[in-house]
Amino acid sequence: MKNFDEAVNNLINMFKNKDFPQKLALTIIKRVDEGIPSDKWSITNKLIMLLLGNTTDARGYKQWQEAGRHIKKGEKAFYILAPNTKKIKNEKDEDEYIITGFRPIPVFRYESTEGKEIPHHDYKPQELPPFIDVAEKLGIKIKWKPIHKNAYGYYRPWDKSITLCSQDYIVYFHELAHAVHDTIEPINNVDRNKAEIVAELSAAVLTEMLGISGYEQDAYEYIKTYTKGKKDKNVIISITNVLNTVQKVVEKITSIAEKEQKTAA
């Protein structure tokens, strides 16, 4: 594995000259039809379930009872929308139903229930990414789920969890970098632009150290979007400004990984 300085120098040279290896497209995890009620919901309600419920299985109170589960004490519902319909006669004197409005329907997340186990599709990859033991050591929960919010993944500091909607290593490295950065300085107090540049550059450095190629151009473009003025000439300046933090993040990840390997041996 390359050391930190070698990996950073290689990346900076690529970024300066825009001489990137062949680009690899990021993969996404697609939703699998599991035959659950929400599979038949409208796109709008599926988005509500993902965005507000942060789940892939939500049902009404009676539906959960029929499935052998009950709502945990203190858990609250969120609301999807059901259409109000009215029967009318059309121009051909045939019965026709029109939508006159919508009414809220309370539903509960699978995670808000307990009882009979319901099998769900396991999106976890067969081969786990490098440095997975780092998240475990730091008490960070990891889960894989279908893509939503147009995000490949996200880190939630309030419950120390990483959600991945892609099985690409660099996506995990990016979110892991956020989580480790949070242990160095509270990420909620960090400027958003800095936090994203630190996470993406850390991920790019880790892939470079491991000899994984193809994501450098995407990393450059990502960093550029969080750079002042979104200008190429400022990208290297932005990188230079966060290098000390990136080094702390990367070295903490690699040192924990090395200790875990020695313990396992």
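Predicted model: local features only at pLDDT ≥ 70, side-chain atom pairs only at ≥ 80, totals over all residues.
## The three-stranded sheet

Three strands form an open sheet in the order β6-β8-β7, and their pairing is mixed. Strands of a sheet pair through backbone hydrogen bonds, in either a parallel or an antiparallel way. The edges of this sheet are β6, residues 141-144, and β7, residues 153-156. Each of these two has a single partner strand, so one side of each is left without a neighbour in the sheet. From one strand to the next, the twist averages 15°.

Strand β8 covers residues 161-164 and runs antiparallel to β7, with four bridges joining the two. Gly153 has Leu164 in β8 as its bridge partner.

## Helix α1 against helix α8

Helix α1 spans residues 4-17 and helix α8 spans residues 235-264. Their axes come within 12 Å and cross at roughly 160°. An angle over 145 degrees counts as roughly antiparallel, and α1 and α8 are therefore roughly antiparallel to each other. The crossing of α1 past α8 is right-handed.

On the α1 side, the contact is made by Phe4, Val8, Ile12, Phe15 and Lys16. The residues they meet in α8 are Ile236, Ile239, Leu243, Val246, Gln247 and Val250. Sorted by class, this contact of α1 with α8 holds nine nonpolar residues, one polar residue and one charged residue.

## Helix α5 against helix α8

Helix α8 also meets helix α5, which consists of residues 169-184. The axes of α5 and α8 come within 9 Å and cross at roughly 105°. Angles of 65 to 115 degrees count as roughly perpendicular, and α5 and α8 are therefore roughly perpendicular to each other.

From α5, the residues in contact are Leu176, Ala177, Val180, His181, Thr183 and Ile184. Their counterparts in α8 are Thr245, Lys248, Val249, Lys252 and Ile253. By class, the contact of α5 with α8 has six nonpolar, three polar and two charged residues.

## Aromatic pairs

The count of aromatic pairs, taken as rings with centres within 6.5 Å, comes to eight. One of them joins Tyr169 and Phe173, with 6.3 Å from centre to centre. The planes of these two rings are 40° apart, and the pair is tilted.

Both Tyr169 and Phe173 belong to helix α5. They are four residues apart in that helix, about one turn.

Note on methods. Residues numbered from 1 in each chain as written. Heavy atoms only, no water. Pairing = 2+ DSSP bridges. Axes fitted to C-alpha atoms, helices over the stretch in contact; angles between N-to-C directions. Parallel < 35°, antiparallel > 145°, perpendicular 65-115°, else oblique. Left-handed = near helix turned anticlockwise from the far one by under 90°. Contact = heavy atoms within 4.5 Å. Nonpolar A, V, L, I, M, F, W, Y, C, P; charged D, E, K, R; others polar. Phe/Tyr/Trp six-rings, centres within 6.5 Å; stacked < 30°, edge-to-face > 60°.
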